Amino acid sequence: MFNLIYFHYGEIPEYIYDNLFQVCLINKDLNIYILINEEYFTNMSKNLNRLNLKNKNNIKLISIEKIENSLKENVNFNKLSKIFDLFNIEFRNGFWKYTLFRFIYINEFIKLTKIGRAHVWTPVTPISRMP
């Protein structure tokens, strides 16, 4: 089975459900792990049920907070977190910190679960004028 990891910190955007629906239509043999904040589990579950997916049993919601607890014991993560806190995190509400930490959390999840190889889905905002 192929593993696909979604990661979203904060409120869940509506377009994620369209993406999940399309991915499940095309890929029948797929495990999907959705790393989100626990406070959004109920809403995410309701919306996933509305999609009426045949392979919904292969979709698992994973708590970012539980991964965060595991990372609290990681000396390098703590050092990095303190360094980021020293710099201006006002830019786009901590954009660089959360961009980097997303991959640290995903890596920690893979280490904790030992799922092996996985594809990571991250939202990308299209820009109309690329340099």
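A residue is called buried under 20% relative accessible area, exposed over 50%, and partly exposed in between (1.4 Å probe, protein chains only). By that rule Ala118 is partly exposed, with a relative accessible area of 29%. This is a predicted model, in which local features need pLDDT of at least 70 and side-chain atom pairs count only at pLDDT 80 or more, while totals for chains, interfaces and linings use all residues. Residues are numbered from 1 along each chain as its sequence is written, and side-chain values use heavy atoms, with hydrogens and water left out.

**Ala118**
- Ala118 sits in the loop between α5 (95-113) and β4 (119-121); helices (H or I, at least four residues) and strands (E, at least two) are DSSP runs, numbered from the N terminus.
- The C-alpha atoms of Ala118 and Ile5 are 6.8 Å apart, although 113 residues separate the two along the chain.

**Nonpolar core**
- A nonpolar core is a set of buried Ala, Val, Leu, Ile, Met, Phe, Trp, Tyr and Cys residues joined through side-chain atoms within 4.5 Å.
- The largest one has 19 residues, and Tyr6, Ile32 and Ile34 have the most contacts inside it.
- Two or more residues of this core come from each of β1, α1, β2 (30-36) and α2 (41-51).
- α1 gives the largest share, 5 residues.

**Glu14 and Ile83**
- Glu14 lies in the loop between β1 (2-7) and α1 (15-26).
- Glu14 counts as exposed because its relative accessibility is 57%.
- Ile83 belongs to helix α4 (residues 75-86).
- Ile83 is partly exposed, as its relative accessible area is 44%.
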